[in-house]
Amino acid sequence: LITLVVGGHLNLRRLRGAHTRLGLLILAEVLVTPLLVYVVVVGVCGQPWGLGLLLAALSIATAPATVVALVAESRSRGVFVKTLMGAVALNNIACIFLFEMAHLAVVALGSGNELSATDLFQQPLIELGTTAVIGAGLGGLLVLATRRTVQSEKLATASLIAVLLATGLAQQLGASSLLASLFLGMTLANLTPDKDEIVESAFVDIRTAIFAVFFTLAGVHLHVSELSEVWWLVLAVFFARALGKM
């Protein structure tokens, strides 16, 4: 649901004036941030290259839940929010794509196998294409199914069904359910630019509950006993990533 809302801000017509800003942001995020994290993890902390590569790829992403929560809470609008949401959507796509490449490289090279450039790009591209087809296909069906629907309850139900279908299909095909939902939101934003409620309706009434569960689960996974063993590496990654983002 969160990535659906983020994808819903990727209206190509509305982002026409933000191409340069978004391009520079994404270019910096996929080059500067992971490079800094990798150098710190491997060069400074002396960790294995595989761990450094995976953490570097993950460092690209901006957590969409935090951004969506802050924008919703402050009810912000305008150029800043438009650029911010577009950047969050694009850097999450880049993160998942590059993490798949990093994971393939670590598994293949770590086991002593050869890895060609074709193999390195093929699987992430297939996953990206699969999720795009799922999102675009279900988005088109949802627009057709709701073209005469105006009641918010019916729109919310249809949107939730589409999200569940996108998630289930992506998982069955071994692709990213997050990307499928993101492409679903992007499709809706571009096919129905004057009907933002199709995207928002699935989320608005349960927004507080979703955020409460999300951040509670994030806290549940923060085990102090485990943190005490690697606190120095955690801090190193945290500050390297923060510096790269800035």
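**Rings and spaces**

Me: Is Phe-215 buried, partly exposed or exposed?
Reply: Buried means under 20% relative accessible area, exposed over 50%, and partly exposed in between (1.4 Å probe, protein chains only). Phe-215 has 37% relative accessibility, so Phe-215 counts as partly exposed.

This is a predicted model, where local features need pLDDT of at least 70, side-chain atom pairs count only at pLDDT 80 or more, and totals for chains, interfaces and linings use all residues. Residues are numbered from 1 along each chain as its sequence is written, and side-chain values use heavy atoms, with hydrogens and water left out.

Me: Is Phe-211 buried or exposed?
Reply: The relative accessible area of Phe-211 is 10%. Phe-211 is therefore buried.

Me: What kind of pair do the rings of Phe-211 and Phe-215 make?
Reply: Rings of Phe, Tyr and Trp (its six-membered ring) pair if their centres lie within 6.5 Å; planes under 30 degrees apart count as stacked, over 60 as edge-to-face and the rest as tilted. The centres for Phe-211 and Phe-215 are 6.4 Å apart and the planes are at 40°, so the pair is tilted.

Me: Which aromatic pair is edge-to-face, with 85° between the planes?
Reply: The centre-to-centre distance in this pair is 5.4 Å. The pair is formed by Phe-214 and Phe-215.

Me: Which residues do ring pairs link into a cluster?
Reply: The structure holds three aromatic pairs. Ring pairs join into a cluster Phe-211, Phe-214 and Phe-215.

Me: How much space lies in the largest cavity?
Reply: On a 1 Å grid over the protein atoms alone, a cavity is a set of points where a 1.4 Å probe fits but cannot get out, and a pocket is an open set with protein on both sides within 12 Å along at least five of seven lines; lining residues have an atom within 4 Å of a point. Grid points are joined across faces, edges and corners, and a volume is the space filled by probe spheres set on the points. The count is one cavity of 30 Å³ or more. The space in the largest cavity is about 50 Å³.

Me: Which helix gives the most to the lining of the largest cavity?
Reply: Helices (H or I, at least four residues) and strands (E, at least two) are DSSP runs, numbered from the N terminus. Among the lining residues of the largest cavity are Leu-178, Leu-179 and Leu-182. With three residues, the most comes from helix 8.

Me: How much space lies in the largest pocket?
Reply: The volume of the largest pocket is about 870 Å³.
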